[in-house]
Amino acid sequence: MHISDGVLPTWVLAVGWIITIILLIVSIAWSKKQIGNLTEKVPQVAVMTAALFVACMLKIPMPPTSLHLMLAGLAGIILGPLVFVCIFISLLLQAILFQFGGITVLGVNTLLMGIPGLCGYLIFMALSKTKSPSWLSSAVTSFVAVTITTVLLGIIFYVSGVDFGSLNAMLDRVSGIPVLSNIAEILQNTPGLLTFFMIFLMNIPLMLAEAVISAFIIPFIEKVKPEMLEQYKTNKQNE
Amino acid sequence: MDTGIDSYLYNNTSVIHRMNPMTKVVAVLAMVISVAIVKDINMALFALLLSILMIIAAKLPIRFVIKRIWSPFLFILLFAAALLLSGGEGEILWSIGFLDITAESALNAALILIRATAAIIMITALLATTRFDIIVKVLYDLKMPVFLLQILMFSYRYIFVFSDELDNMRNSMAAKGFRPKLSMRMFSSIANMLGMLLIKSFERGDEVYRSMIAKGYTGKPTIITENKMYAKDYIFVSFALLIAVMIHIPALTQSGILTGIAG
């Protein structure tokens, strides 16, 4: 996510940084427990971060515009708990290289993609223990990851005072129409739901595109380089 | 290929280019953090002015700066527009169709637009005058965790490698007749390309690690930094910190926190 410096209120920025630092420590400790020596992982994670960074710069045509992938779910599947570090670094690089995002807002931006990344890892881990084929698991993982980002973004917009209040007036206009007026009423009466609804609408193309792309990528990796997904393999054999 | 990735301007020298990197990073960081949370619109305007002064002092071409900040600026505009629609208290300034824009939301949107732009311009001024590896050295000196910095440094180097790699793959796909049109086939082709990119990076990471071990890598940094700070650097940093604190005084006074001291 590229929320810029100076956009969000101070306390949101502070909370974002605090949670990010905690999650960084937790995720590093977590992967230390899994792997043991983290030094070995430095080049690996760095190089994968670079590749994911480049992959995210690719434009996917999606008429009428094109979109950039987020790939948080996919990164979670491939990197495990270290995905949080990967996302922190790639957002820092984006801030330094393109001025996308920023320094003060780095915490919030990392949470927006890092939490979905970690969730993606857990979801794919859980799904790999079931009989679900890998294309389905990865599609579900990516879809859920983008959804989580959307929900988090909605929460952050809402607490930052973007509640699309003026759209409320617009919703009044549809009060004559039977089904629409019911929906409008629910949207108006639940705080935050309108914000969430707007952001959700904007992100639907991204959710679908990520799900489809991941559904192709993970089986491809499984065929060509199964070592990359080794941790999930051993899981299946253990059962 | 014009990567346009790095924002450092090589063929340029100015006072700011020659300044001690540590001084520069600390001063700009302090200013950016301060500007990003400033609540008074006049002070935000002052910060914008300051950021433009920085650009002038660094002798950065205006077109370069505009090109750099253009796309993040669009995101800021989007957010400001969303804030504009957020209603809020106060009189209604104008109504477009059924959308009412109030004075409060307009002021909010303007504040955010100005301070965010100022922050981006300041960061651009820093990054266009300081090489990336020098910034990383400064971060070492500022005691950022080594594990993170090493990943940062490595990824930075490999971004250029993979950017070329991806370009090659795209060219060869285009040569074989691939046209990016929305279809399942397009998704499958792009996914295979990205998958290949990830696999290559995985193998690359392995090789890099083994070659580094062979060269005696232990995970500890071996960067020797020679960043001597002189008196003028300390003065400059203190001055920047002072301004960073000062621009919050009006908002603090208004909210009544400072009135006790002032009165």
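This is a predicted model: local features need pLDDT of at least 70, side-chain atom pairs count only at pLDDT 80 or more; totals for chains, interfaces and linings use all residues.
**Exercise 1.** Determine whether the length of helix α4 of chain A agrees with its number of residues.

Solution. Helix α4(A) covers residues 83–98, which is 16 residues. After the helix comes Q99(A), with a positive phi near 60°.

**Exercise 2.** Decide how far α4(A) is enclosed by the rest of the structure.

Solution. A residue is buried if 20 or more other C-beta atoms lie within 10 Å of its own. Of the 16 residues of α4(A), 14 are buried, so the helix is largely enclosed.

**Exercise 3.** Describe the side of chain B that touches chain A.

Solution. Start with the count: 69 residues of chain B contact 61 residues of chain A. Elements of chain B giving two or more residues to this side include α2 (21–36), α4 (62–84) and α7 (146–175). The largest share, 18 residues, comes from α8(B). By residue class, this side of chain B has 48 nonpolar, 14 polar and seven charged residues.

**Exercise 4.** Work out how α2(A) is oriented against α8(B).

Solution. Helix α2(A), residues 41–57, packs against α8(B) at about 155°, with the axes 8 Å apart. Angles over 145 degrees count as roughly antiparallel, so α2(A) is roughly antiparallel to α8(B). Their crossing is right-handed. Among the residues that meet are V47(A) and A51(A) in α2(A), and L198(B) and F202(B) in α8(B). The contact comprises 14 nonpolar, three polar and two charged residues.

Notes:
Residues are numbered from 1 along each chain as its sequence is written. Chains are lettered from A and ligands numbered from 1 in the order in which they are written. Helices (H or I, at least four residues) and strands (E, at least two) are DSSP runs, numbered from the N terminus. The expected span of a helix is 1.5 Å times one less than its number of residues. A residue is buried if 20 or more other C-beta atoms lie within 10 Å of its own, exposed if 12 or fewer, and partly exposed in between; C-beta atoms are placed from the backbone. Two residues are in contact if their C-beta atoms, placed from the backbone, lie within 7 Å. Ala, Val, Leu, Ile, Met, Phe, Trp, Tyr, Cys and Pro count as nonpolar, Asp, Glu, Lys and Arg as charged, and the others, Gly among them, as polar. Axes are lines fitted to C-alpha atoms, for helices over the stretch in contact, and angles run from 0 to 180 degrees between N-to-C directions. Angles under 35 degrees count as roughly parallel, over 145 as roughly antiparallel, 65 to 115 as roughly perpendicular and the rest as oblique. A crossing is left-handed if the near helix is turned anticlockwise from the far one by less than a right angle, and right-handed if clockwise.
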